[in-house]
Amino acid sequence: MTQWYQLQQLDSKFLEQVHQLYDDSFPMEIRQYLAQWLENQDWEHAANNISFATVLFHDLLSQLDDQFSRFLIENNFLLQHNIRKSKRNLQDNFQEDPIHMAMIIYNCLKEERKILNSAQLSNQMEVGSIQNTVIGMLDKQKELDAKVKAIKNSVIDVEQDIKTLEDMQDEYDFKCKTLQNREHESNGVSQEEYKKEQMNLKKMFLSLDLKRKEVVNKIVQLLNTTEHTQSALINEELVEWKHRQQTACIGGPPNACLDQLQNWFTVVAESLQQVRQQLKKLEELEQKFTYDPDPITKNKQVLQDRTYSLFKQLIQSSFVVERQPCMPTHPQRPLVLKTGVQFTVKLRLLVKLQELNYNLKVKVLFDKDVSEKNSVKGFRKFNILGTNTKVMNMEESTNGSLAAEFRHLQLKEQKNAGSRTNEGPLIVTEELHSLSFETQLCQPGLVVDLETTSLPIVVISNVSQLPSGWASILWFNMLSIDPKNLSFFLNPPYAKWSKLSEVLSWQFSSVTKRGLNADQLSMLGEKLLGPTSGGSHDGLIPWTRFCKENINDKSFPFWLWIEGILELIKKHLLCLWNDGCIMGFISKEKERALLKDQSPGTFLLRFSESSREGAITFTWVEGSQNEPQFHSVEPYTKKELSAVTFPDIIRNYKVMAAENIPENPLRFLYPDIPKDNAFGKYYSRPKEAPEPMDLDGPKGNGYIKTELISVSEVHPSRLQSPENLLPMSPEEFDEVSRIVGPAEIDTVMCSAYST
């Protein structure tokens, strides 16, 4: 594998470093064509030896001749033209100073190796970090598996001990009664034999007492272990799952399923249920035979209360919202609900006991015990429409979990007398509400009330409020872990750019195959924090700056601009975004810096900063005798992209000046990808016209078919100077071929190249 091939597999941030190594003195296209040969030569020696440098210089020219011949066989006129120009430039620059060329190539190859090493080190660090995290999670899972298994084994051990205790007590009881009966018999027992039997009974009693103490102590230890493990499940594992759920709701990595947690919760619950039965058995043994001090009498109430408390805590914690409220029409915008539109929500009990199947009836309530209803002025109130009760069962879920899914709920606002005022401190999309879910577990000697709540929701009455509502959901779940903090937006905290940038990238990766890279995030950071910040990770961004204030000199806030671009990508640019064709977020200054050293006709795609609804434009560079010229086309919005796809716009775009043939100035997608290579697979294929005698074809309507293309009109002075020797685009070649025959072109090119 060549070094050059390895470089092309790197991330964009490293590729950008590679692009900066090459310029017109030694163009990248030569590096591309002669990759293997260049890497096999000793350029370090050539940089210090004029004779060897001269030999390599002429060898390089010969290699270019061979490459030209291959293009000639392939009849690739465009590449013939470009390689001819490259050979002339090398002769002009290094014919008299081949050592200079050797030094340039040597330094380029050396810098390439440095870039490769940096990329490999970066990957190793990332892989190492991921591996450590995964190993840590697996170790923690194994540890919990072992603890839960130990609880289960301890319960089995106690069960065996209680059976042994019962056998010992039965034997002791039998021996006592037997001795008493023999005392009352006529022949009776001798004094010596009686004392011997009493000594045996005393030993049996001591063993029985010791066994009772042992069983009680084992149950105490079992409950201690259970409490410790249960605390880890509830206060660590379940809390982490809920936090991952919050993250997943706002576009983060998908949350791990609950099956593993359910297994742990269920085993612990089954164990506690068995302990309850074991304590009942001990109570039965106590009723048959007791004494002072009896360890069962002394400890039974404490053990029963503690077992009940642990089971109650476990069962209450196991009642969770598995899938947060979401409108099926907007699956990627959970927690934003529109009045009058159905939404779904799914509850789950992590304790999967067969006796609970169809025994838990769940009721859903809106804003239960929410103090903001009375304390926040203008706070809206809603009623729930639809069936608000559901019985939990194991049949509806595909994985057999004990669950209840509400599929047909709606919200309706309570209309108060008089018109609603907007004098409250919160706007509609900053009001946070919640759904509560209640049920009750009833078993013999056991009644437990269960309740859980959803994450805060935003209720809208018009779909136009959805972007602002989603911004509130993002901000809350990024910065708060308390689902009952419904007053959050009365004093919303600032967000660190390091966190907000990650959440912004999730908004793209959750609906496409590509998030935002460091360069794109840097541009967005500068928009929010100012150009002098450089997108500092520690920069603090207020809520109003993100969603309420107009950004810079525009008439809309930052988030609505991002939301418009997201919609444009999803509906019109998805494939191009996934392929990495769209640079997207880049300032005009950075855009010009990237394009200024590129070949004429190089262009890049970026999103307009002046369009609220989302728009995309392209900027290309043209060569001139003094400074390069940059041209940007008027941005395309969803209106234009609904009529013509963006790849077709790029393919057919024309620039026209008076008395000149319209031409397409777009040749290479930055940095050097031929336009047709980048976009060709997305071009619309022309529909085949029916044959003149095709009677089954569509009937003509008397009109000539038309096609929409984009044309920009410019002053002739802005066109490129014809004296410049520039790479010829496929469109230009087609035009030349129409006027001059292929044979004449080959003759001219061969004779020109041989001079």
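Tutor: Before we start, two strands count as paired if DSSP finds at least two bridges between them. Helices (H or I, at least four residues) and strands (E, at least two) are DSSP runs, numbered from the N terminus.

Student: What kind of model is this, and how are residues numbered?

Tutor: The model is predicted: local features need pLDDT of at least 70, side-chain atom pairs count only at pLDDT 80 or more, and totals for chains, interfaces and linings use all residues. Numbering starts from 1 along each chain as its sequence is written, and side-chain values use heavy atoms, with hydrogens and water left out.

Student: How many helices and strands does the chain have?

Tutor: There are 23 helices and 19 strands. Of the 755 residues in the chain, 44% are buried, where buried means under 20% relative accessible area with a 1.4 Å probe, protein chains only.

Student: Which strands make up the open sheet with antiparallel pairing?

Tutor: Four strands, in the order β6-β4-β8-β9. The edges are β6 (389–392) and β9 (446–453), each of which pairs on one side only. Neighbouring strands here are turned by 25 degrees against each other on average, direction ignored.

Student: How many bridges link β4 and β6?

Tutor: Four, in the antiparallel sense, with β4 covering residues 360–366. Lysine 363 has threonine 389 in β6 as its bridge partner.

Student: Which helix packs on that sheet?

Tutor: Helix α11 does, touching β8 (435–443) and β9, and its direction makes about 30 degrees with that of β9. Contact means heavy atoms within 4.5 Å. Axes are lines fitted to C-alpha atoms, for helices over the stretch in contact, and angles run from 0 to 180 degrees between N-to-C directions.

Student: What is the angle between α11 and α9?

Tutor: About 20 degrees, with the axes of α9 (residues 191–249) and α11 (residues 295–317) 10 Å apart. That makes α9 roughly parallel to α11; the cut-off is under 35 degrees for roughly parallel and over 145 for roughly antiparallel. Their contact has eleven nonpolar, seven polar and five charged residues. Ala, Val, Leu, Ile, Met, Phe, Trp, Tyr, Cys and Pro count as nonpolar, Asp, Glu, Lys and Arg as charged, and the others, Gly among them, as polar.

Student: Switching to α6 and α7: at what angle do they cross?

Tutor: Roughly 170 degrees, and the axes of α6 (residues 50–73) and α7 (residues 77–94) come within 9 Å. So α6 is roughly antiparallel to α7. On the α6 side the contact includes Phe57, Leu60 and Phe71; on the α7 side it includes Leu79, Ile83 and Phe94. By class, the residues are eleven nonpolar, three polar and two charged.

Student: And the five-stranded sheet, what is its order?

Tutor: β15-β14-β13-β17-β18, an open sheet with mixed pairing. β15 (629–632) and β18 (673–674) each have a single partner strand, so one side of each is left without a neighbour in the sheet. Helix α17 (residues 558–578) packs on the sheet against β13 (602–607) and β14 (616–622), its direction at about 150 degrees to that of β13. Helix α18 (residues 588–595) lies across β13, β14 and β15, at about 160 degrees to β13.

Student: Is lysine 527 buried or exposed?

Tutor: Buried, since its relative accessible area is 5%. Lysine 527 lies in helix α15 (residues 518–529).

Student: Which residues does lysine 527 touch?

Tutor: Arg545, Ile551, Asn552, Phe558, Trp561 and Glu609, not counting residues up to four places away in sequence.

Conventions: Parallel < 35°, antiparallel > 145°, perpendicular 65-115°, else oblique. Buried < 20%, exposed > 50% of the residue type's maximum accessible area, 1.4 Å probe, protein only.
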